[in-house]
Amino acid sequence: MSAVVQPGGARGVPVAVTTYVGRDREVAELRALSKAKRLVNVVGPPGVGKTRLAARVATELAGELADGVVFVELAELRDAALLANTITVALGPAGQARSEEQVLINYLRDRQVMLVLDNCEHLIDACADLAAAMVRDCPRVIVLATSRQSLGVVGEHLYPLPPLAVPEPDSLRSPAELRGFDAVALFVDRATSVVPSFEITEDNYHDVARVIRRLDGIPLAIELAAVRLRSLSVRQLAERLTRRLPLLTGAPRTASSRHRSLHGTLDWSFALCTPDEQLVWARAWVFSGSFDLTAAEQVCGGDGLAPDALLDAIIGLVDKSVLIPRQHAGDIRYRMLGVLREYGREQLSAGEVLRLGRRHRDCYATRSARLREARGTTDAVPSCHRMRPDHPNLRVALEYCLTTPGEADAGLAIVNDLNLYWQLWRLRAEARTWLDRLLRKASPDTPLSGLALIHDANYSLFEGDLARCTELLAEADGVVTRTNEGSLLSRAKVSAGLLAEYQGEPDRAAGIFAELVTEFRATGDRPRELVSYYHHGWCTGFSGDPNGARVILRDGLALSREYGDLNARRFLLEALTMIEAEYGDAATAVHCLRDMLTAAGDAGIELLDGEALATVGWVADSQGHHARAATLYGITEAANRKAGYALHTSAMIEERHVRHIQRTREALGDDKFEACFTAGAAMSEADSIRYVFGTPQALRPPPGADRLTSREWEITGLIRQGMTNREIAEHLVISTRTAEAHVAHILAKLGLSRRSQVAVWAVRQDTTDPA
């Protein structure tokens with residue numbers, strides 16, 4: 001009897017009882033890969049949709065293969081010795097019900113067939129051996145596997161399947177913006193199957209986005225959640241998804257046991273891990289966002305887990321798709337989906353949870369301290385950039401300090417150490433929130449609390465809350481007096497000088513900062529010595545002595561070069577540019593501006609702060625480039641609003657800024673001014689960066705720029721246009737993963753860490769393909 005498989009047929013492919021929503025790009029990519037390669041493995045976390053994708057591709061390819069497609073479901077098979085038998089039965093050749101592997105290989109040797117091996121993870125060794133044999137001995141057989149880890153055999157091509165892209169609820173402005181997300185389309189499709197009248201409206205679209213985001217784009221989780229709309233509104237569902245697992249317990253009784261609940265899916269995956277892998281999975285619960293190997297070693301290691309064992313466990317969890325690796329600035333970071341983290345936490349006792357929280361806090365407290373120590377060095381701004389991916393973990397560490405008795409002082413130390421970080425990333429409002437909450441629980445009258453009050457006062461000042469700043473400074477002065485901490489006396493005096501600036505008293509502020517230059521030099525505090533030079537020069541100029549300001553600021557610049565403080569150099573040049581724009585000639589102001597923008601780039605600064613942006617506008621105004629000036633004023637307004645920076649409350653700046661704006665308005669007329677201003681205010685941050693740095697200037701190319709390939713130069717130009725990796729892929733007709741790889745190579749060659757830095761560099765180079 002001949003084989004049951006008929007030419008062009010599909011055998012054993014699961015019949016979908018619901019529509020297949022989204023994944024069009026993945027279907028096309030996997031279809032092309034399966035036609036080009038002999039062994040393809042779709043890997044991904046639990047519930048991500050590996051089986052359905054493989055089934056879709058198998059169905060589409062069935063008609064193109066002489067002997068069709070055979071789909072073999074392995075989830076219920078427990079005995080690896082029965083693997084070949086199970087496949088043979090699925091193929092259906094007569095009299096081969098108990099055939100061994102060699103019989104199967106002999107049967108397939110001359111056939112053109114796709115063999116889909118679904119859910120290989122628990123039979124990984126047996127599946128690997130069989131797949132290798134087929135690749136070696138069956139030249140016309142295509143093996144398409146799905147698994148939570150690689151097979152690890154020669155000839156295997158991995159196709160990582162990520163969760164569906166999810167919307168950012170806070171950035172949505174209308175229901176229409178949700179339509180481009182496959183995760184949303186899937187939710188709506190499944191929701192209407194149980195509530196036919198369901199639709200996305202103005203009233204519920206934010207809640208729909210919250211639901212999708214909290215489910216991490218996992219198709220299985222989305223389907224299980226949508227069923228709950230039988231008894232819950234979307235808003236109720238979003239609120240209850242704060243804890244995902246207890247809610248998502250229902251599924252059709254006809255589903256396999258491991259899919260009856262998301263928890264069952266996770267039980268299945270957890271049981272397949274080694275004891276060490278289970279331990280790391282549970283302990284990695286404490287991380288938020290992503291983490292690196294060093295953090296994993298510090299937080300998850302020990303207590304029965306040796307360093308080598310931890311690394312092996314991480315590799316195993318990556319292989320099983322529990323941890324998702326991502327390259328960032330040349331390093332590998334790991335991410336665990338929220339549902340997997342929550343499951344891991346359930347495996348720990350209350351005592352273990354507390355111990356992990358403390359170790360996690362200690363890890364990021366150490367990193368914060370290193371950032372403080374880097375202040376004033378060439379590594380200061382790069383350290384802030386390196387810290388940015390850990391922002392979710394910083395929040396977790398601070399939350400631990402806030403909610404754990406006796407830990408508030410440790411939290412204050414972290415916030416204080418991150419002073420430059422909060423300012424560079426325009427996170428002053430968040431810093432204030434942490435300080436206000438922690439100060440209520442921290443030890444009073446300590447140098448730590450005194451410094452925290454000073455920082456809180458400064459952040460309040462920059463946000464325009466002068467009354468609150470005054471209150472906090474008075475409180476800080478009391479703490480400083482009672483503790484008699486000498487270093488804090490000068491720090492408090494800095495804040496007093498800043499307050500004088502904002503109150504429109506440049507003479508008094510200049511006198512304060514002149515004293516501080518001497519004080520900080522005497523104590524060897526170079527970073528604050530340079531900060532004092534900056535404010536001394538700036539205030540001296542706005543007191544009516546621009547020549548004196550030039551001398552002070554140029555002295556400060558000379559010291560910044562000597563000390564290697566790139567960030568201070570940028571600020572000193574900003575002050576000098578503002579003085580020249582206000583009191584000097586246009587040509588000198590333009591020259592200073594070019595130096596300032598170059599210094600910002602050298603320091604790794606992207607979008608400038610409010611005063612620097614205003615300065616760029618002032619220079620354009622002094623040149624007579626009024627349309628550009630108006631656009632820059634719009635950019636300044638939007639950037640200040642986003643950063644919470646209140647330029648209008650700085651009396652020393654506001655009067656002059658208003659005068660420049662009025663001069664530009666008079667030159668353009670109200671209508672054109674408003675059009676340019678509105679255009680600037682509406683720009684994306686990427687567009688703003690390109691516009692601000694659009695002034696022609698000479699810039700030394702980063703090391704490695706000459707090694708960019710023609711394709712990399714092309715992609716650099718697309719990054720300059722603000723394209724995402726996905727848009728680049730569509731534009732160049734390549735896969736998103738290929739685009740991501742190109743961007744990673746560009747970053748590595750240029751020695752940069754962020755796409756926006758590439759955009760800035762490209763604009764300033766007027767990048768063209770050198771070929």
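Tutor: Let us begin with confidence, as this is a predicted model. The mean pLDDT of the protein is 85, and 88% of its residues reach 70 or more.

Student: Which elements of the protein have the lowest and the highest mean pLDDT?

Tutor: The lowest mean pLDDT, 61, belongs to helix α38 (residues 755-765), whereas helix α19 (residues 408-417) has the highest, 97.

Student: Over which residues is the pLDDT below 50, and how should one treat such places?

Tutor: Where pLDDT is low, the predicted coordinates should not be read in detail. In this model, residues 1-7 have a pLDDT below 50; that stretch has 16 contacts beyond near neighbours in sequence. Residues 766-771 also have a pLDDT below 50, with 11 contacts beyond near neighbours in sequence.

Student: How many bridges pair strand β2 with strand β5?

Tutor: Five bridges pair strand β2 (residues 39-43) with strand β5 (residues 141-147), in the parallel sense. To locate the pairing in the picture, find V40, which stands opposite L144 in β5.

Student: What is the order of the strands in the open sheet of three strands?

Tutor: The order is β7-β9-β8, and the pairing is antiparallel. β7 and β8 stand at the edges with a single partner strand each, so one side of each has no neighbour in the sheet. Neighbouring strands of this sheet are turned against each other by 40° on average, direction ignored.

Student: Which residues are bridge partners in this sheet?

Tutor: Consider each pair of strands in turn. Strand β7 (residues 290-292) is joined to strand β9 (residues 331-335) by three bridges, and F291 has Y334 in β9 as its bridge partner. Strand β8 (residues 324-328) is joined to β9 by five bridges; there, the partner of R326 is R333.

Student: How many residues lie between the strands in the hairpin of β8 and β9?

Tutor: There are two residues between the strands, and A329 takes a positive phi near 50° in this hairpin.

Student: I should now like to understand helices. What describes the packing of two helices?

Tutor: Two packed helices are described by the angle between their axes and the distance between the axes. Take helix α6 (residues 182-194) and helix α7 (residues 205-214): their axes come within 10 Å and cross at roughly 105°. An angle from 65 to 115 degrees counts as roughly perpendicular, and α6 and α7 are therefore roughly perpendicular to each other.

Student: Which residues meet where α6 contacts α7?

Tutor: A183, V184 and F187 in α6 meet V208, V211 and I212 in α7. By class, this contact has six nonpolar residues, with no polar and no charged ones.

Student: At what angle do helix α36 and helix α37 pack?

Tutor: Helix α36 (residues 725-732) and helix α37 (residues 736-750) pack at about 110°, with their axes 8 Å apart. This angle makes α36 roughly perpendicular to α37, and their crossing is right-handed. In this contact, N725, R726, I728 and A729 belong to α36, and T736, A739, E740 and V743 to α37. The classes here are four nonpolar, two polar and two charged residues.

Student: Is the crossing of α3 and α4 left-handed or right-handed?

Tutor: α3 passes α4 in a left-handed crossing. The axes of helix α3 (residues 83-91) and helix α4 (residues 101-108) come within 9 Å and cross at roughly 35°. A84, I87, T88 and L91 in α3 meet E101, L104, Y107 and L108 in α4. That contact has six nonpolar residues, one polar and one charged.

Definitions and conventions: Residues numbered from 1 in each chain as written. Predicted model: local features only at pLDDT ≥ 70, side-chain atom pairs only at ≥ 80, totals over all residues. Heavy atoms only, no water. Axes fitted to C-alpha atoms, helices over the stretch in contact; angles between N-to-C directions. Helix = DSSP H or I, 4+ residues; strand = E, 2+ residues; numbered from the N terminus. Parallel < 35°, antiparallel > 145°, perpendicular 65-115°, else oblique. Contact = heavy atoms within 4.5 Å. Nonpolar A, V, L, I, M, F, W, Y, C, P; charged D, E, K, R; others polar. Pairing = 2+ DSSP bridges. Left-handed = near helix turned anticlockwise from the far one by under 90°. pLDDT = per-residue confidence, 0-100.
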